[in-house]
Amino acid sequence: MDPIMCFKKTAGEIANEIAMRLRRKRKALKLSQKKLAEKSGVSLGSIKRFETVKEIAFTSLIKLTIALELENEWETLFTQKQYSSIEDIIHE
């Protein structure tokens, strides 16, 4: 097995990390799930499912990030340039 492959995260691991980060932010803002539902327009059931099962519609996820004042995080998503070698970095 390729040693680099050992460090790649699964979709489930990434979903879990995102759900836990948003849950921590919700709690830091002292928002209950119900209050977050009211503020975001996302149903309480969807928020509960997201925090437990890690499943949510993409649009609902965006609404939650806006309600949690994290919408600027989307601006940097996928914008970091990827290099395949040190030569690519040197020749840029």
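Which residues line the largest cavity? They are Ala19, Leu22, Arg23, Arg26, Leu36, Ile47, Phe50, Glu51, Leu64 and Leu68. The model is a predicted one, in which local features need pLDDT of at least 70, side-chain atom pairs count only at pLDDT 80 or more, and totals for chains, interfaces and linings use all residues. Residues are numbered from 1 along each chain as its sequence is written, and side-chain values use heavy atoms, with hydrogens and water left out.

On a 1 Å grid over the protein atoms alone, a cavity is a set of points where a 1.4 Å probe fits but cannot get out, while a pocket is an open set with protein on both sides within 12 Å along at least five of seven lines; lining residues have an atom within 4 Å of a point. Points are joined across faces, edges and corners, and a volume is the space filled by probe spheres set on them.

The structure holds 1 cavity of 30 Å³ or more, and the largest cavity contains about 60 Å³ of space. H1 supplies the largest share of its lining, 4 residues; H1 and helix H3 (44-53) each give at least two. Helices here are DSSP runs (H or I, at least four residues), numbered from the N terminus.

The largest pocket has a volume of about 520 Å³. It is lined by 16 residues, of which Ile18, Arg21, Glu73, Trp74 and Leu77 are the closest to its centre. Helix H1 (11-28) and helix H4 (58-67) are the elements that give two or more residues to this lining, and H1 gives the most, with 6 residues.
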